[in-house]
Amino acid sequence: MSTKIRRVKLFIYFYYPITQKNIVMQVKRFGVSLEEELLDVLDNLVKDHHFPNRSQAIRHLIKKSIVEEKWEGNEEVAGAIVLVYDHHKRGLQTQSTSVQHNYHSLILSVQHVHLDHHNCLETIAVKGKAGQLTELADKLIAIKGIKHGRLVMSAAE
Ligand code: NI
């Protein structure tokens with residue numbers, strides 16, 4: 001490693017957190033015009049999802065839309081793959097481990113919970129390009145014997 005590269009790294013480690021602390025998120029108010037029907041939909045959303053107010057619901061919708069765009073644009077994202085399976089099913093765990101090793105660079109952690117005598121719940125935290133995470137999730141969910149599988153999409157920041 002050359003001195004030049006090392007100097008860049010030191011700059012990031014020591015100065016980045018300080019700049020981060022100085023960022024103050026400003027909240028701005030603005031008016032929204034909506035058709036009555038759409039406002040009812042928003043209010044139902046607030047009620048159904050237990051949002052404290054309309055602002056929080058709108059904030060949630062904007063963030064959700066950003067996450068969806070990142071996934072569609074194959075950007076760097078994070079998420080979790082949730083799998084439920086019967087561990088007695090022959091070859092299932094071997095196959096799952098083999099797939100996970102093929103994509104090891106995307107996997108942050110794996111949590112395995114024994115639900116009962118038969119069933120296991122596995123939560124795999126992942127981070128990487130959206131396309132690759134989808135590919136990994138598809139391969140795991142498609143394994144014969146997986147009772148339920150789902151990819152939870154989130155953003156990396
Ligand atoms: Ni188990």
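Hi everyone, a definition to begin: two strands pair if DSSP finds at least two bridges between them. Strands themselves are DSSP runs of E with at least two residues, helices are runs of H or I with at least four, and both are numbered from the N terminus.

Now, what you see above is a predicted model, where local features need pLDDT of at least 70, side-chain atom pairs count only at pLDDT 80 or more, and totals for chains, interfaces and linings use all residues. Residues are numbered from 1 along each chain as its sequence is written.

Let's start with the overall layout. The protein chain has five helices and four strands, and along the sequence they come in the order α-α-α-β-α-β-β-α-β.

On to strand 1, residues 76–86. Its partner strand 3 (residues 119–129) runs antiparallel to it, with eleven bridges between them; here L83 sits opposite E122 of strand 3. Strand 1 also pairs with strand 4, residues 146–155, again antiparallel, through nine bridges. In that pairing, V77 faces A155 of strand 4.

Next, helix 3, which covers residues 54–72. From first C-alpha to last, its 19 residues reach 27 Å, close to the 27 Å expected at 1.5 Å a residue, where the expected span is 1.5 Å times one less than the number of residues. Is helix 3 largely in the open or buried? One of its 19 residues is buried, so helix 3 lies largely in the open. By buried I mean 20 or more other C-beta atoms within 10 Å of a residue's own, with C-beta atoms placed from the backbone. After helix 3 comes N74, with a positive phi near 55°.

Finally, for the whole protein chain, buried residues make up 11% of the 157.

Notes
Buried ≥ 20, exposed ≤ 12 C-beta atoms within 10 Å, placed from the backbone.
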